[in-house]
Amino acid sequence: MEWDERFRDGTYPTDPDPSPVLRAHVETFPEGRALDVATGTGRNSLFLAERGYDVDALDFSEEGLRIVRERAHEIGVEDRIETIHADAETYDFPEHTYDVITISYYKTLDRLSDIKAALNPGGVLFYQHHLRSDPPVTVGPRTDRYRLQSNELLRACLDLTVLYYEESTEQVDDRTSATATVIARNTQGGAQSYPVRHWDR
């Protein structure tokens, strides 16, 4: 399997950092159980486990999940991580189960309705993915087929309460990335509570 090889030969980092946006907002998320879809080597799942969540880390790569378990043991959170070997394209997501769901750099809009249905009432979805851009960027998928169009992620989450949305470019060493990021809560209604900002603009 291609991703097993990437994880095994070090093409993909074994300890990628979670998004700065996730770090900045996690204190506003509900406590409880979390799901990290396409966890890879644990970018989000280990971060959430360190903050007290019971995390289901789902991925199709056995090698990626092995690395997650190894790293969980190293940082002392193995009792909070459950790895699930499954394909997110066909996995039967349980309804009303998770307080937080994270997805980083995996295009799965055709399953997003099922993923959102797995949120508990008041649960929060964090989703970030590569964007199509003009001029083209150099980080992420080689073709636009696996990238999102502008506002595509936002439109896909409008049945939730969107708490944060951004499309931006970033310099990564000598390369450039373009990313869309959304944080949305499983609530509806014209009057709600909203997170308090804790950073300077």
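**Exercises on salt bridges, a sheet and a buried glutamine**

The side chains of D114 and R111 meet in a salt bridge, with 3.1 Å from N to O; the term denotes a side-chain nitrogen of Lys or Arg within 4 Å of a carboxyl oxygen of Asp or Glu. The model is predicted, so local features need pLDDT of at least 70 and side-chain atom pairs count only at pLDDT 80 or more, while totals for chains, interfaces and linings use all residues. Residues are numbered from 1 along each chain as its sequence is written, and side-chain values use heavy atoms, with hydrogens and water left out.

**Exercise 1.** Classify D114 and R111 by accessibility.

*Solution.* Step 1: the classes are buried (under 20% relative accessible area), exposed (over 50%) and partly exposed (in between), with a 1.4 Å probe and protein chains only. Step 2: D114 has 35% relative accessibility and therefore counts as partly exposed. Step 3: R111, at 11%, counts as buried.

**Exercise 2.** Locate the salt bridge of D159 with K116 and state how far apart in sequence the linked parts are.

*Solution.* Step 1: the closest N and O atoms of D159 and K116 are 2.7 Å apart. Step 2: helices (H or I, at least four residues) and strands (E, at least two) are DSSP runs numbered from the N terminus. Step 3: because D159 lies in the loop between α6 (152-156) and β6, and K116 in helix α5 (residues 112-117), the pair ties together parts 43 residues apart in sequence. Step 4: D159 is partly exposed at 43% relative accessibility, whereas K116 is buried at 10%. Step 5: elsewhere, salt bridges with shared partners join E63, R66 and E70 into one network.

**Exercise 3.** Describe the salt bridge between D56 and R33.

*Solution.* Step 1: the whole structure contains 5 salt bridges. Step 2: in the one formed by D56 and R33, the closest N and O atoms are 2.7 Å apart. Step 3: D56 belongs to strand β2 and R33 to strand β1 (residues 33-37), so this pair links distant parts of the chain, 23 residues apart. Step 4: D56 is buried with a relative accessible area of 8%, and R33 is partly exposed with 34%.

**Exercise 4.** Characterise the surroundings of Q128.

*Solution.* Step 1: Q128 lies in strand β5 (residues 119-130). Step 2: Q128 counts as buried at 3% relative accessibility. Step 3: beyond neighbours within four places in sequence, Q128 is in contact with residues including S19, R43, S104 and T181. Step 4: a polar contact of 2.7 Å joins the side chains of Q128 and S104; this term means a pair of N or O atoms within 3.5 Å, where, within protein, one must be able to donate a hydrogen and the other to accept it, and residues adjacent in sequence count only if both atoms are side-chain atoms.

Notes: Contact means heavy atoms within 4.5 Å.
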